[in-house]
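Thanks for asking me to look this over.

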Amino acid sequence: MDLPGVEPGQSQAALAEENARLRRICAALIERVESSAQPGTAPYAAFEHTVVLAEQVRERTETLRHTLEALREAKAEAEAANLSKSKFLAAVSHDLLQPLNAARLFSSALESQNLGEEPRRLVRHIGRSLQDVETLLGTLVDISRLDAGVLTPDRGSFAVGELLDVLAEEHRQLAAAEGLDFHYVPSRAVIDSDLTLLARVVRNLLGNAIRYTTSGRVLLGCRRRPEGLEIWVVDSGSGIAEDQQRTIFEEFRRGPAERGRLDRGLGLGLAIVERIAGLLDHPLGLVSRPGRGSRFSIRIPYGRAYPAAPPEVGAEAPLRGLTAWVIDNDPEICIGMRALLEGWGCDAVTATGVDDLERDERADLLIVDYHLGETDGLAVAAQLRREWPELPVILITAYHDAELKAAARARGYGYLLKPVKPLRLKMAMLGLRRR
């Protein structure tokens, strides 16, 4: 047998010398091990202790791995359950909002009648209660759509007045009911955004400003910046401490009620504002000092040139004499819409389906719900426009869908979400009639 370092045929003395060298190496290694051991501890005992520690580390690592896997599975199940809940609430929003939409139409139609002071006061209370329900339900649906990831922006250019004029009219009355002055500075700027989502942001900011302002005023206005148009909501309320200016955007955070009345909010308004602003990529701003009020802002990029100025809204709006076809598969919606339109001087012809619509003569406008059971509003509008190609159309739906909104816009239709706000409906009708 050949040994390393020894050539074949070497003498016995050479083999003995090699063996002695190997023994010296072995002794040096043993001495090194013994010198590195703890004082008073045998090297093999230290080795055994190391093996035991390694086994304990392995067992604990395995236990930790199983625990992490169980946590991951539990987290996945919780997220799946939450997503299922969110998708369910987002999907049933149409059924939830149908009766509310009818009630709002009846309330608005009744308020426009010549009533005595006491009945008018009661109708206003009904309207405010319905608005509270609409706000709460809309908040839940919005947060569910955001959680479910089904809220997709449909951006386009529009005059900011189309958005702010309506919101100003809505909140001027709310502010007056709370004893506050409401100031609105209109703008002719054209911006690029999703009108419906941006309306939710500004509406939430205005609602918060009125809710948390004890006395003084609320201002809605715009300021031009090189990067885009800033929409400002300014109040003279109690203000927000610097260390609270981040937490107010968290979910279920509510400030102290200052008006001596029950706050029906869920603490989700500013959380929705922040998430929609992020979805639209519109930077938010907040400047506030305790006792000096607050200023919220959102910056929107400018849009392309707008072909027409937004229509004016008011009691003198030229809707009298207009004939409108209304198609909705809910009879209560039809009755409420007829009462509202007739209060504006219009002639309303209602039906729950296109086959039931009396169309002896051409109408000036078609108002159609998208969800009609076996068919949909786009198909119905297309059928009627084959007979009357220039018939203006307003599509109404309870489901915010970017593709549906884009399809309606591509056809030149108006597009409104339920519950329908009378002022926005009037504005859409004016715009289509002027066009």
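1. Let's begin with the hairpin: strand 4 and strand 5 form one, with two residues between them. Strand 5 covers residues 228-235, and its pairing with strand 4 is antiparallel over eight bridges. Within this pairing, Cys222 has Ile231 of strand 5 as its bridge partner. Two strands are said to pair here if DSSP finds at least two bridges between them. Strands themselves are DSSP runs (E, at least two residues), and helices are runs of H or I with at least four residues, numbered from the N terminus.

2. A word on the source: this is a predicted model, in which local features need pLDDT of at least 70 and side-chain atom pairs count only at pLDDT 80 or more, while totals for chains, interfaces and linings use all residues. Residues are numbered from 1 along each chain as its sequence is written, and side-chain values use heavy atoms, with hydrogens and water left out.

3. Strand 4 (residues 217-225) also has a parallel partner, strand 2 (residues 181-184), and the two are joined over four bridges. If you want a place to look, Phe182 stands opposite Val218 of strand 4.

4. How many salt bridges does the structure hold? There are 10, each defined as a side-chain nitrogen of Lys or Arg within 4 Å of a carboxyl oxygen of Asp or Glu. As background, side chains of opposite charge can pair when their charged atoms come close.

5. Asp194 and Lys405 form one of these salt bridges, at 3.4 Å from N to O. Asp194 sits in the loop between strand 3 (190-193) and helix 6 (195-211), whereas Lys405 belongs to helix 10 (residues 402-410), so this pair ties together parts that are 211 residues apart in sequence. Are these two residues buried or exposed? Both Asp194 and Lys405 are buried; the cut-offs are under 20% relative accessible area for buried, over 50% for exposed, and partly exposed in between (1.4 Å probe, protein chains only).

6. Salt bridges with shared partners also link Glu62, Arg65 and Glu69 into one network. Within it, the side chains of Glu69 and Arg65 meet at 2.7 Å, N to O. These two are four residues apart in helix 2 (residues 43-91), which means about one helical turn separates them. Glu69 is partly exposed at 30% relative accessibility, and Arg65 is partly exposed at 35%.

7. Helix 5 (residues 160-177) holds Arg172 and Glu169 three residues apart, or about one helical turn. Their side chains form a salt bridge of 3.1 Å, N to O. Arg172 is partly exposed, with a relative accessible area of 31%, and Glu169 is partly exposed too, at 33%.

8. Patches consist of residues with over 30% relative accessible area and no salt bridge; like charges are joined within 9 Å, and nonpolar side chains (Val, Leu, Ile, Met, Phe, Trp, Tyr) within 5 Å. The areas come from the Shrake-Rupley method with a 1.4 Å probe, and for residues only the protein chains shown count as cover. Leu29 is found in helix 1 (residues 12-36) and is exposed, with a relative accessible area of 55%.

9. Finally, Glu342, Asp347, Glu358, Asp360 and Glu361 form a negative surface patch. Asp and Glu count as negative, and Lys and Arg as positive, while His and the chain ends are not counted. Each charge is placed at NZ of Lys, CZ of Arg, CG of Asp or CD of Glu. Glu358 lies in the loop between strand 9 (347-351) and strand 10 (365-369), and Glu358 is exposed at 58% relative accessible area.
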